[in-house]
Amino acid sequence: MRIELATAPGDPERPNEDWTSVALPAAGPTGQGGTLVVLDGVTPPPSETGCVHSVPWFTARLGGALIELSGSRPDLTLAEVLAAAISRTADAHRSTCDLSHVRTPQATVVMVRWGAATVEHLVLSDSALLLEGADGAVRAVLDDRLDRVPREALRSHATADVHRNAEGGFFTAAADPAVAGRAVVGETPRGEVRALAAMTDGVTRWVDTFGAGDWTECMGVLRKEGAQGLIDRVRELERGGVVDRWKRHDDAAVVYAEL
């Protein structure tokens, strides 16, 4: 088994708001398998968020709960794991913060848990999961609700917030455990997955912003150059002058696993 993790801040002067971890083996009757979590903390505007904690504090708390529960509680589905982790994290700062604020700390989520028989997955918001089959075909598991929000609605933080965690908009893991029911979930027989990759949108921009390749070619870069190699390619393109709607450089995190 080959597993590589890499993450890098978009700005070396600011904390990295992405978070990732892998646990091996996952608990179960055979003690086989593993679990991984990739989070992309949502950068708030420089205004009130209702919370005294930073986004990295939130992603570390949520990520720690997710990796523990997904590895130790095989009786829970990944959606149930996400709901429980959100509740646990909310309880950690409920007494000091206004968790009803639309900008309370939040994150996108990718989780994968595999055992001897199946590979389970969960994706919430605009991070991505790639599953490579035994035949080399690559399937992207995406939550595309943010892409369906009209572009004009995302031109400012104020207009984007109208669609944040709202019907007809897009959803992130914040303080409401019910959001777990909005995630894209599924499972695949273990024998049909030879490799997988989970990544934040600071990495997926290699495909969806810069058009440097498709998802199959993205997996090829990961296989040949590793997780850091893909991030390095993104940084090179960013230095070329193409600018995202929010920022030139974004925090980036990716996990690549050959099962």
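Does Thr-35 count as buried or exposed, and at what relative accessibility? In this predicted model, Thr-35 counts as buried because its relative accessibility is 0%, where the cut-off for burial is under 20%. Thr-35 lies in strand S3, and its side chain forms a polar contact of 2.8 Å with the side chain of Ser-70. Apart from neighbours within four places in sequence, the residues in contact with Thr-35 are Ser-21, Val-22, Ala-23, Ile-67, Ser-70, Gly-71, Val-112, Arg-113 and Trp-114.

The largest nonpolar core comprises 26 residues, and Leu-39, Leu-62, Leu-66, Leu-82, Val-109, Met-111 and Leu-124 have the most contacts inside it. At least two residues of this core come from each of strand S3 (34-41), helix H1 (55-72), helix H2 (78-93), strand S4 (107-114) and strand S5 (118-124). H1 provides the largest share, 7 residues. Beyond its neighbours within four places in sequence, Leu-124 is in contact with residues including Leu-82, Val-109, Phe-171, Val-179 and Arg-182. A second, separate core contains 24 residues, among them Val-203, Leu-222, Ala-252 and Tyr-256.

Helices H5 (residues 201-208) and H6 (residues 215-239) pack with their axes 9 Å apart, at an angle of about 105°. The two helices, H5 and H6, are therefore roughly perpendicular to each other. On the H5 side, the contact involves Gly-202, Val-203, Thr-204, Arg-205, Trp-206 and Val-207. These meet H6 residues that include Trp-215, Cys-218, Val-221, Leu-230, Ile-231 and Val-234. The residues of the contact between H5 and H6 comprise 10 nonpolar, 2 polar and 4 charged.

Methods
Residues numbered from 1 in each chain as written. Predicted model: local features only at pLDDT ≥ 70, side-chain atom pairs only at ≥ 80, totals over all residues. Heavy atoms only, no water. Core = buried A, V, L, I, M, F, W, Y, C linked by side-chain atoms within 4.5 Å. Buried < 20%, exposed > 50% of the residue type's maximum accessible area, 1.4 Å probe, protein only. Helix = DSSP H or I, 4+ residues; strand = E, 2+ residues; numbered from the N terminus. Contact = heavy atoms within 4.5 Å. Polar contact = N/O pair within 3.5 Å; in protein donor to acceptor, adjacent residues only side chain to side chain. Axes fitted to C-alpha atoms, helices over the stretch in contact; angles between N-to-C directions. Parallel < 35°, antiparallel > 145°, perpendicular 65-115°, else oblique. Nonpolar A, V, L, I, M, F, W, Y, C, P; charged D, E, K, R; others polar.
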